[in-house]
Structure formats: C-alpha cells, structure tokens
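The following exercises are intended for a reader meeting this structure for the first time.

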Amino acid sequence: MSTSDQSLANHFDEVTGLLYLEGQLDEDRAKAVAAHVASCAPCRQLLHALESESVWLRESLTTDDEPIPAHLVSVPERNSTHWGWIAAFGLCAGGLYTLWNGIVEPWLASISQAGLSQQGILTWFIFQGAFWKGWDAMRTLTDFMAVATLGSLAIWLFRKQWKRFTPIAFVMGALACALALPPAAAAADIERGDPSYTLPGGQEVKNDLVVAADRTRIDGDVDGDLIVFSYSVTVNGHVKGDVLGLANKLTINGMVDGNVRVAADSIAINGSVGKNITAWQDQFDLDEKAKIGGSLSLLAGNADLDGQIGGDLTVLARVVDLNGLLAGSALIRSQRLVVGPQAEIQGKAKFSGWHPPEIAQGAKLSSPIDVSIKGPGPDYASGRYYWHQTLSWGASFIFGLVLLLVAPHFFFDVVQSSKRIGPALGLGTLFLLATPIAAVIVCATIVGAAVGVIAVLLWLIGVYSAQIFTASWLGEKLLGGAAGASHAIGRMALGLAIIRALTMLPYAGPIVGFCVTIWGLGAIVLTVHRRMQVQAPAAV
Amino acid sequence: MDRRKTTGAMSEADLAQVLSQVRAGDADAWGELYRQYAPAIFRFCRRLLPAREDAEDATTEIFMKVRQKLGTYDSSRPFTAWLYKVASNHCWDTLRRRRIRQDLETGDVDALPLEHPDPGQLERLQNEHTSKEVRAGLAKLPDRARMALVLRYYADMSYDEIADTLAVRRAFVGVLLLRARHQLRDALGQPDATIAVKAGGGRKT
C-alpha cells in the first residue's frame with residue numbers, strides 16, 4: 001500500500017468507507033469523509049476499490065446462468081390436488097373394500113377354523129400372512145392398487161409428521177402397537193435365559209410362557225401359549241396352547257395341543273401337534289411317529305413328511321418327500337415331489353413343479369395327482385404372461401400417479417436424488433439387504449415386533465416404489481426434462497414400460513429388476529436422509 | 001429503492017391488480033404472480049441455501065407462505081421488498097434450524113484489519129473470478145455472512161431490513177457486510193480454505 005504524507009490517524013477505516021458509499025453515514029460524517037477523500041489519494045483508491053467490489057458483487061450475484069428447475073416453472077396449484085385427493089380417497093375406499101372382502105373376512109373365517117382367538121390376530125398375521133392362500137389374488141390390479149394407495153397415503157402422512165414429530169411418532173406408534181398386542185401377553189410369565197432356559201419336568205406354568213434365551217428346553221407343562229425367541233427350542237413336555245416363535249432349530253418331541261407357527265432354520269416334529277402347523281424354514285422333518293391334527297402349511301427348502309397329517313397340506317418348497325398319511329388334500333408347489341411307498345393321500349392332490357412327480361409303487365392315492373409341469377422362468381408363449389405384465393405395468397403406473405399427486409415434492413426430490421447414481425446404488429443395496437435382517441433382529445424382542453413389522457411394511461412400499469423413480473429418471477433422460485406434473489407422468493409411464501419390457505428378458509431381466517430396485521430405493525433413502533437431516537436439529 | 005429485477009416486467013398498476021385478484025382467490029392471477037417472481041426467488045434461495053434441492057423446496061414453501069400471508073402485506077410498501085422479506089426470513093429460519101450458527105453474534109470492528117486493502121489485489125480478484133466462482137465462494141461463507149451479502153447485493157435490502165432479518169443492531173450491518181466481503185476475498189484467494197475458522201468465529205450461540 002502506498003504511503004501518504006498525511007498521517008494515518010486521519011484516514012478513515014474500511015467500514016466507514018463502505019458506509020459512506022452505501023449512503024449510511026449521517027450528514028456531518030459524510031461531509032467529513034468527502035472532504036478527506038478529495039485530498040487523500042489512498043482513501044480515494046480505497047473507495048474506488050470498494051465501489052467496484054460492490055458492482056462486481058451485484059453482477060456476480062444477479063447473473064443468471066442457472067435455469068429454474070422444470071417442476072418449479074409450473075404453478076403449485078393447491079386446487080389441483082383436490083381431484084388428486086378425491087382420486088386417492090376413492091381408491092382408498094375401493095382398497096378398503098377389497099381388503100375387507102379379500103383379506104379380513106377370509107382371515108376371520110380362517111381364525112375360527114384355526115381356533116385362534118380374536119386377540120391373536122396380529123400374531124396370526126405375522127406368522128400366517130406369508131402363507132395366506134389369497135396372495136395370488138392379491139396380485140390382481142385392484143388389490144395391488146388398494147395396498148399401494150394405502151401405502152402412499154401412509155407415506156404422505158409420515159412425510160407431514162416427520163418434520164417435527166418423527167422420533168415421537170415412531171416411539172408412540174411402536175408403543176401403541178405394543179399395547180395393541182394380545183393382552184394375553186400381560187398374563188404371561190416372561191423368562192430371559194441365562195443364557196439358556198429350561199422348564200424342568202414336572203413343573204407347570206399356569207399362564208402363557210414367553211422365553212427369550214440361547215437354548216430353550218421345555219420338559220414341563222405350559223397351560224397357555226409358548227412364545228419363544230431362541231437359538232434352539234426343544235419341547236419334550238406338554239404345551240396346551242400354541243407354540244409361536246423364531247428359532248434356528250425347533251424340535252417337538254412332546255405334545256402341543258394348539259397350533260405351531262414358527263420361522264426357523266430347521267424344524268423336526270417327532271411328537272404330536274393338535275391343530276395346525278404354519279412354518280417357514282429350510283428343512284422340515286415330520287417323523288413317521290408324529291401326528292398333526294390340523295393342516296400343515298410350509299414354506300420350506302426341503303420338506304420330509306413321513307408322519308400323519310389330519311388336515312390339508314400346502315407346501316411351497318424345493319423338494320417335497322411325502323411318505324405318510326395325509327387325510328386332507330394337498331397343494332404342492334416345488335421343483336421335485338417324491339411320493340414314497342408308505343404315502344396315502346385321502347383328498348385331492350395338486351402339484352406344480354419343474355419335474356414330474358416320482359410316485360412309488362405302494363403309494364395310495366384317492367385320485368391321480370393333478371400335475372402341471374412348468375420349467376423355471378416365465379412362460380413366454382402364454383398370452384396370460386403378457387396380460388399379467390401389462391396389468392403390473394398399469395398397477396405400478398397408477399401407484400406412481402398417486403405418489404406424484406399426493407407428494408409431488410417428495411417425488412421430484414427422489415427423481416433428483418436418483419441422478420446421484422453411485423450413492424443411490426450403494427445405499428439401495430445396503431437397505432434392500434439390511435432392512436429385513438434388522439427387522440428380524442428387532443422382532444426378537446416383544447415390543448420390537450411391532451416396530452419390525454412396520455419397518456418391513458415401509459421397506460416393502462419402498463421396494464415397490466423404487467421402480468417409479470428409476471422409471472421417471474429414465475423417461476427424463478430419454479425425453480429431456482420438462483415442466484409440470486403432466487410431463488412427469490408421461491415420462492414415468494414411458495420409463496415404467498421400458499423397465500417392464502427389460503425385466504421380461506430371459507436371464508438379464510432379473511438383474512435389470514434388481515438394479516432398478518436398488519437404484520430407486522437408494523434414491524428414496526438419499527432423499528429421506530436429506531430431509532431428516534434438515535429437520536433433525538429443530539428438535540435440539 | 002431499486003429492487004432486484006424479476007422476469008419480465010409488471011407495471012405497478014398491473015401488480016396491484018394482480019395482487020387484489022389473488023387476494024380474491026383468483027387462481028390465474030396467482031399463477032401470473034408466481035411465474036413473475038418464482039425464478040428470482042429460486043435464485044435468491046439458491047444463493048443462500050447450499051443444496052439445490054433445498055432451494056427448490058424453499059421456493060415452493062415461500063410461495064405457500066406468501067399466499068397465506070398476502071393479507072398482511074401493506075400495499076403502500078413495494079411488493080418485492082415484502083416478498084424478499086418473507087423469503088429471507090424463511091431461508092434464515094431454515095439455516096438456523098439446520099445448524100447452530102458458527103459466526104459471532106455481535107461483532108467488533110477490531111476483528112477487521114485496520115489496514116486498507118490493496119486496491120490492486122482487489123481488482124485482480126474481481127478480474128480473475130467468474131460469477132460462478134464468486135457464487136461458489138459465497139457457498140463457503142458462514143451462513144450469516146452469506147445472508148448479509150445476498151440480502152444486500154441480490155435482494156437490494158436496506159440496512160434496516162437486513163438488521164431486522166438477521167436480528168442484529170442496525171449499526172452492526174456495515175461491519176457484517178464488510179467482514180463478509182473479507183471472508184469472500186479470502187475464500188476466492190484460497191479456494192480450498194475453510195473460511196469460518198479464519199473469521200475468528202467460534203463462539204456458539
């Protein structure tokens with residue numbers, strides 16, 4: 001800086017210079033500054049520099065080189081959401097009706113059949129839901145729409161809430177659900193293993209028994225239900241109620257008067273079960289001495305059925321080996337079916353699988369097995385396949401439409417986020433795989449069961465929605481970005497059609513489907529994360 | 001005061017008519033008002049909020065507020081002044097909610113160098129950096145410094161309005177602006193440095 005012959009004390013400081021330039025000094029001070037500037041070159045230079053900086057700042061800030069985003073160009077009309085709401089409520093009403101007709105009523109009927117009390121509905125849903133025979137019907141357009149509409153309404157409600165109340169809402173929701181669990185839980189003996197739990201022979205538990213332990217062994221009697229979360233469970237005694245639970249290995253050598261509803265890695269039934277068994281496992285063994293009073297519904301890797309089954313048999317498995325008495329009818333879907341020489345099927349039997357059933361000489365069948373052989377993968381020759389694909393496309397499109405109308409900002413946000421391909425794919429993979437695992441872990445605590453179920457439901461909605469966002473991104477890539485919801489709808493429809501067509505390809509199809517799902521899911525996670533991050537400090 | 005330009009031009013009489021129609025619930029008039037001012041407000045938000053998505057959200061939310069609050073607008077004052085006031089309050093709230101402000105609440109002139117800046121160096125800075133770089137530099141500034149510069153040099157707000165928005169004394173606005181300029185000069189001079197540290201801010205409010 002150049003030195004001046006005037007003393008430094010007479011120079012004004014930079015703030016004064018700025019205030020002078022911006023007309024913020026009072027009259028006297030401004031005059032003094034003006035007088036000083038007239039005779040002081042350095043201060044003149046300073047004023048000049050500050051002024052050109054002001055001009056430069058204004059120019060830099062007001063230069064427009066970034067276009068306003070397409071979806072902001074159209075006016076956010078609140079009126080236009082009216083018909084969106086009417087449509088959503090209409091769909092919702094239709095959905096509720098379908099849900100009642102398709103799910104609740106059959107449920108109530110099945111519940112009375114299965115001998116469950118009304119209080120057990122939630123438990124029943126958790127353990128039975130996956131095996132409900134009506135899941136096929138659920139795939140029809142109407143049902144899907146109903147669930148989708150309810151789901152998107154839930155998303156919308158959550159979105160409104162999580163601005164301020166997310167943590168509270170989650171905790172309260174979980175508590176409410178926990179309280180809504182069967183009140184029977186209140187009249188239960190709750191045991192925590194240390195690390196294992198054994199109910200010794202000769203002892204009797206008068207209530208329900210809830211056990212969380214490494215290894216659980218029941219040698220005594222349980223008057224109520226046995227609800228168990230354990231690595232291994234062995235029942236040698238007598239359970240007068242139901243057996244419900246999660247385990248790695250479940251063995252029943254004793255007697256269960258009620259139902260058995262479990263998810264496990266392997267299940268062995270050597271004793272007797274009075275009512276039905278609903279189970280999800282890799283290996284299921286029904287010993288030849290074992291008896292089941294009711295029906296057996298299985299989702300299994302391998303099912304080895306040598307014992308007696310009093311009711312119907314419904315199995316979805318890789319390999320089914322049937323070599324015992326089946327009093328009811330059989331519905332079997334598996335790659336292979338082996339009917340052994342000791343087998344006796346008194347009802348009708350229906351089998352669909354990859355290979356023809358292997359039926360031993362001595363097997364007694366009341367009527368020939370109704371067999372349909374279908375190799376792995378879709379049946380490209382059938383018109384039904386394409387009709388189904390078209391329906392699925394329609395369902396996803398309508399779901400996307402509802403999402404777009406109900407939560408447009410969220411929708412466009414997620415489409416934006418899907419442009420960050422790397423993070424979206426990474427996060428998507430993580431959430432696709434980790435959420436169910438986390439949910440199962442959370443389910444291992446009684447209170448957590450509700451949270452786990454909610455998490456899985458949200459996850460399912462997210463997985464289904466994923467294609468919508470990837471499709472919108474794809475449509476935008478192909479047709480270019482444009483303003484307004486109507487263009488977004490067109491782009492989404494095109495994107496969904498392309499994705500649907502790609503997923504129909506043999507071999508590559510599932511890979512495309514997987515990528516589309518993790519990408520979209522990742523974009524949703526990114527958006528939700530960003531929104532929560534914005535809102536979170538408000539609670540501090 | 002000459003307010004920032006908005007897209008196209010709307011005469012005062014037209015604006016007054018549109019505003020009264022909007023108040024009467026005319027959706028078309030609202031559309032016209034939105035189209036007129038949304039781009040400017042979006043750019044305003046874009047300069048204040050670091051993420052583009054935030055700016056988009058903020059723009060929509062600001063216009064929802066404007067529609068709700070239009071009844072409280074005093075038509076004897078310039079509309080753009082009121083609009084930018086609503087917008088800046090919204091953005092400031094957003095920033096404030098997001099993180100505890102890092103810069104000092106009350107400033108003192110001592111924090112600024114007493115020496116005059118080198119005019120040659122300032123000129124070089126202005127010549128060497130594009131508008132885009134300036135805006136990128138702006139994004140590195142502490143929230144309040146960035147707010148001050150944008151309110152003053154983009155939205156053309158008066159010192160009183162800035163003081164009111166940022167909840168500081170009016171006499172402090174000049175210091176705030178000058179400090180922000182220093183921070184911007186530093187940010188542009190050393191592109192990778194974090195400015196907040198150098199600004200001496202550390203006391204959390």
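The model examined here is predicted.

**Exercise 1. Describe chain A in outline: how many helices and strands are there, and what share of its residues is buried?**

Step 1. The secondary structure of chain A consists of 15 helices and 23 strands.
Step 2. Chain A has 540 residues, and 44% of them are buried.
Step 3. Its accessible surface amounts to about 26,000 Å², with 63% belonging to carbon and sulfur atoms.
Step 4. Contacts between residues at least 6 apart in the sequence of chain A may be sorted by separation; 32% of them join residues at least 24 apart.

**Exercise 2. Identify which residues form salt bridges with A:K240, and state where the partners lie.**

Step 1. One partner is A:E204, with an N to O distance of 3.9 Å. A:E204 belongs to strand β3 (residues 204-205), whereas A:K240 is in the loop between β7 (238-239) and β8 (243-252), 36 residues apart.
Step 2. A:D223 also forms a salt bridge with A:K240, the closest N and O atoms being 3.3 Å apart. Because A:D223 is in the loop between β5 (221-222) and β6 (226-235) and A:K240 is in the loop between β7 and β8, this pair ties together parts that are 17 residues apart in sequence.
Step 3. The relative accessible area is 38% for A:E204, 37% for A:K240 and 25% for A:D223. A:E204 is therefore partly exposed, A:K240 is partly exposed, and A:D223 is partly exposed.

**Exercise 3. Consider the salt bridge of B:R77: which residue is its partner, and is each of the two buried or partly exposed?**

Step 1. The partner is B:E161, and the closest N and O atoms are 3.8 Å apart.
Step 2. B:R77 lies in the loop between α3 (52-69) and α4 (79-98) of chain B, and B:E161 in helix α8 (residues 159-166), so the pair ties together parts that are 84 residues apart in sequence.
Step 3. B:R77 is partly exposed at 36% relative accessibility, whereas B:E161 is buried at 13%.
Step 4. Elsewhere, A:E14, A:E53, B:R181 and B:R185 are joined into one network by salt bridges that share partners. The whole structure has 19 salt bridges over all chains.

**Exercise 4. Locate the largest nonpolar core, and state which element gives the largest share of it.**

Step 1. This core has 79 residues, and B:F44 and B:C45 are among the members that touch the most others.
Step 2. Helix α2 (residues 27-48) of chain B contributes the largest share, twelve residues.
Step 3. Leaving aside residues up to four places away in sequence, B:F44 touches residues including B:Y84, B:C91, B:V150 and B:Y154.
Step 4. Another core, of 52 residues, lies apart from the largest one and includes A:V205, A:L286, A:A317 and A:V339.

Technical notes: Residues are numbered from 1 along each chain as its sequence is written. Chains are lettered from A and ligands numbered from 1 in the order in which they are written. This is a predicted model: local features need pLDDT of at least 70, side-chain atom pairs count only at pLDDT 80 or more; totals for chains, interfaces and linings use all residues. Side-chain values use heavy atoms; hydrogens and water are left out. Helices (H or I, at least four residues) and strands (E, at least two) are DSSP runs, numbered from the N terminus. Buried means under 20% relative accessible area, exposed over 50%, partly exposed in between (1.4 Å probe, protein chains only). Contact means heavy atoms within 4.5 Å. Accessible areas come from the Shrake-Rupley method with a 1.4 Å probe; for residues, only the protein chains shown count as cover. A salt bridge is a side-chain nitrogen of Lys or Arg within 4 Å of a carboxyl oxygen of Asp or Glu. A nonpolar core is a set of buried Ala, Val, Leu, Ile, Met, Phe, Trp, Tyr and Cys residues joined through side-chain atoms within 4.5 Å.
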